[in-house]
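Here's a quick briefing to read alongside the model. Have the sequence and the 3D view open as you go.

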Amino acid sequence: MSVSVASPSIRKALLAATQRLPPLPTIRDLVKLYKLNAIKQLSQNFLMDMNLTNKIVRAAGSMKNCYVCEVGPGPGGITRSILNLGAKKVLLIEKDKRFKPTLDILSSYTPGKVETYYGDVLSFNMSQLFPEEEKKDWDDTVSSIRIIGNLPFSVSTPLIIRWLKDISYKTNVWRYGRVTLTLTFQEEVAERLVADSSFAQRCRLSIMAQYLCHVNYKFTIPGSAFVPKPDVNVGVVKFIPRKKPLINQPFELVEKVVRQTFHGRRKICFHGIKTLFPELLRDELAEYMLQSAAVNRQTRTFQLTIEEFSRLCDSYAKICEKYPHIRDYNCREHLADESWQENWNDNVTTILSDVNEASKDYERSDINIFDDDGNTTLGL
């Protein structure tokens, strides 16, 4: 009696079949059954098309034997795709407890594979969610942990800024290594995230994301695919943390320099950089900062490259090291603060003298102002 052996393709198909969920009510049926109307104040929009949820999950990479954290699962459409595509375990973070019945259905059909946490993702710490054996060295390959989310529009920008800060310090879920993110944004925000210096859409978010991550625009989902239909299309963006950031300064310093420089996005960068400094020293310190960073003061802010922002941050850091109070200066808080301005009166003459002398040295110099490590050779 002979025993036939299934071909590799048949075995693969059989394995995939065993990993798929059993027949379940559609997401649309469950939304109707539990009367899960989208709440406008929470910017909720449900994605019902499983072809699109599958496409989002595939954009995140292979799910096989991966731990996946899904943010804002709602009724569970993307969750189904994650499970069907072979994830080892799925952890859900959901703010709205109305979705508990639909998420419990998924959990009951996949014992031990789905865990749900109810809370606000903006304050949720994922640093203990995964097994310690999932940790990887930062310089190793990307982590087998994935984060996926169809984010409410009102949450997406503050959340990605918070997570970028966590990436910079390798905290939160990034203590496990270079965990990737695949997230949805308004199409305009998605375009800004990937915009380079040739596009006027380039903004603070572009620099903050790109200096820490490889940022890829995967595809666009038409607004008509969501219920209720939003007024805009949606872009799916993938973030892969870089092994080394392109700007070697603390996140807070980079964020401050970038934020203030983009104070007038289409204006020349000199105008924004001036706002980093007290009014009595504004023009001189801004001019010096640009000189020592070898950046043309006439460049429009959105046209600055990340390399130029890196040099600007290094220059600003050196100024702050010499004059620590400048690091604490905030133009919105201190511009009209006369007592703060008066405290600077005794320092102004000394600082201006230092800056003018350093600028003269720069003007007389015929050599490259940067050493082999990219540090400016000028100093206050």
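At what angle do the axes of helix α9 and helix α12 cross, and within what distance do they come? The axes of α9 (residues 251-261) and α12 (residues 306-322) cross at roughly 110° and come within 10 Å. Before the details, some ground rules. This is a predicted model, where local features need pLDDT of at least 70 and side-chain atom pairs count only at pLDDT 80 or more, while totals for chains, interfaces and linings use all residues. Residues are numbered from 1 along each chain as its sequence is written, and side-chain values use heavy atoms, with hydrogens and water left out.

**The whole chain**

- The protein chain comes to 14 helices and nine strands; these are DSSP runs, numbered from the N terminus, with helices being H or I of at least four residues and strands E of at least two.
- Of the 380 residues in the protein chain, 50% are buried. Buried means under 20% relative accessible area, exposed means over 50%, and partly exposed is in between (1.4 Å probe, protein chains only).
- Take the contacts between residues at least 6 apart in sequence: 70% of them join residues at least 24 apart. A contact here is heavy atoms within 4.5 Å.

**α9 against α12**

- Two packed helices are described by the angle between their axes and the distance between the axes.
- For this pair, the crossing of roughly 110° makes α9 roughly perpendicular to α12. Axes are lines fitted to C-alpha atoms, for helices over the stretch in contact, and angles run from 0 to 180 degrees between N-to-C directions. Under 35 degrees counts as roughly parallel, over 145 as roughly antiparallel, 65 to 115 as roughly perpendicular and the rest as oblique.
- On the α9 side, the contact is made by L253, V254, K256, V257, V258 and T261; α12 brings F309, C313, Y316 and A317.
- Sorted by class, that contact has eight nonpolar, one polar and one charged residues. Ala, Val, Leu, Ile, Met, Phe, Trp, Tyr, Cys and Pro count as nonpolar, Asp, Glu, Lys and Arg as charged, and the others, Gly among them, as polar.

- An α-helix has 3.6 residues a turn, so residues three or four places apart point the same way.
- In α7 (residues 187-194), the buried residues are V189, A190 and L193. They cover an arc of only 100° around the axis, which puts them on the same side of α7. The arc is that of the directions from the helix axis to the C-beta atoms.
- The cover over the buried residues of α7 includes α6 (153-169), β6 (180-186), α8 (204-210), β7 (213-221) and β9 (234-241).
- In α5 (residues 100-109), T102, L103, I105 and L106 are the buried ones. Their arc is only 145° around the axis, so they sit on the same side of α5.
- Packing against the buried residues of α5 are α2 (27-33), α4 (77-84), β3 (89-94) and β4 (114-118).

**Single residues and their neighbours**

- F277 is in the loop between α10 (269-274) and α11, and counts as buried at 0% relative accessibility. Leaving out residues up to four places away in sequence, F277 touches R282, L285, A286, M289, Y316, I319, I326 and Y329.
- F277 and N330 are 53 residues apart in sequence, with 8.0 Å from C-alpha to C-alpha.
- T116 is in strand β4 and is partly exposed, with a relative accessible area of 25%. Apart from neighbours within four places in sequence, T116 contacts L92 and L103; T116 and L103 are 7.7 Å apart, C-alpha to C-alpha.
- N54, in helix α3 (residues 50-59), counts as buried at 17% relative accessibility. Residues up to four places away aside, N54 touches S81 and L85.

- The peptide bond from V227 to P228 is cis, with omega near -10°; P228 is in the loop between β8 (226-227) and β9.
- K170 is not a glycine, but its phi is positive, near 55°. K170 lies in the loop between α6 and β6 and is partly exposed, at 42% relative accessible area.
- A294 also has a positive phi near 55°. A294 lies in the loop between α11 (282-292) and α12, and is partly exposed at 37%.
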